[in-house]
Amino acid sequence: MSWLEKLLPPKIQQTDPTERRSVPEGLWVKCPSCETVLYKTDLEHNQNVCPSCSHHHRIGARARLNGFLDPEGRWEIGQEVLPVDALKFKDSRRYPERLKEALENTGETDALVVMGGAVHGISLVAAAFEFDFMGGSMGSVVGERFARGVESALEQKVPFVCFTATGGARMQEGLLSLMQMAKTNAALTRLAKKGLPYISVLTDPTMGGVSAGFAFMGDVVIAEPKALIGFAGPRVIESTVRVTLPEGFQRAEFLQQKGGVDFICDRRELRMKVAHVLAMLQRQPADAVI
């Protein structure tokens, strides 16, 4: 040991300058709106809404349903329905390869999760899209799970709530995907004939065949703040109509001004708001809400 090493404090002597402490990945999230660096756990506890600027980060289907439904008495509907490569589709990759990758990334077997449960004591059936599963695209499984969710609501005579987060139809299923627009519409028509409420919650993004199919068919249509909502993208529309579009014309706030949605609701207040709406539509009290 040299004379310099003898003078250094013990902790400094034991420190190897080549070794650096690494911070585990995924602990921090930078808000894309205000650029505040947020602790991921704190963000999740706040339902993935930035505490600084209230920017609504995208959220997975199960996390959304876990935060929306009462913790007791939940059950899943249609989880046994699985996707099939009926067309033997291949673009740059085979369809089964894309399905496998989506399963590994999300833990889900398709892009829609449907659960029965309650909100503040009001029984209902709720469905939520998983955007990270192939962009929340609607294929045969999504349509079937949606229809089964509506049928379950009909059997129990309870409302149906759907959270959309999707890019539209699933091209790997071709016409089979487009047929789901008619299938889901027919299911909601049966719900309406029985006088049962359907509430549609539009989240970021809601585009394509889902927005054209059933997203705007709700008895009450709610949107999250600044959610992207539309059919085709703005560049496609501008190149087609050759007109400069107003800024933010596909955002929730613009749609509310034009009557496209009934109201915009902060995610943290959604449970209470939906319970109020359902209690009003069904003329029944909501526990701890009204």
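Which residues does Cys34 touch, not counting residues up to four places away in sequence? I find Cys50, Ser52 and Cys53. Contact here means heavy atoms within 4.5 Å.

**Ground rules.** I am working on a predicted model, where local features need pLDDT of at least 70, side-chain atom pairs count only at pLDDT 80 or more, and totals for chains, interfaces and linings use all residues. Residues are numbered from 1 along each chain as its sequence is written, and side-chain values use heavy atoms, with hydrogens and water left out.

I looked up the UniProt record. Its unreviewed entry lists Cys31, Cys34, Cys50 and Cys53 under "binding site". UniProt positions are in the numbering used here, feature names are shortened, and annotations may be inferred rather than shown by experiment. The four span 23 residues in sequence, yet no two of their C-alpha atoms are more than 8.8 Å apart, so they gather at one spot. Of this set, Cys53 is in the lining of the largest pocket. (A pocket, on a 1 Å grid over the protein atoms alone, is an open set of points where a 1.4 Å probe fits, with protein on both sides within 12 Å along at least five of seven lines; lining residues have an atom within 4 Å of a point.)

I placed Cys34 in the loop between β1 (28–30) and β2 (37–39). Helices (H or I, at least four residues) and strands (E, at least two) are DSSP runs, numbered from the N terminus. Cys34 is partly exposed, at 30% relative accessible area. Cys50 sits in the loop between α3 (40–45) and α4 (61–68). Cys50 is buried, at 0%. The cut-offs are under 20% for buried, over 50% for exposed and partly exposed in between, with a 1.4 Å probe and protein chains only. Beyond four places in sequence, Cys50 touches Cys31, Cys34, Leu38, Leu43, His55 and His57.

**Arg170.** Next I checked Arg170, in the loop between β6 (160–166) and α7 (174–193). Is Arg170 buried or exposed? It counts as buried, because its relative accessibility is 1%. Its side chain makes a polar contact of 2.8 Å with that of Ser137. (That is a pair of N or O atoms within 3.5 Å; within protein, one must be able to donate a hydrogen and the other to accept it, and residues adjacent in sequence count only if both atoms are side-chain atoms.)

**Cores.** The largest nonpolar core has 38 residues, and Phe146, Phe160, Leu191 and Phe214 touch the most other members. Helix α6 (residues 140–156) gives the largest share, 6 residues. (A nonpolar core is a set of buried Ala, Val, Leu, Ile, Met, Phe, Trp, Tyr and Cys residues joined through side-chain atoms within 4.5 Å.) I also noted a second, separate core of 24 residues, including Met115 and Val220.
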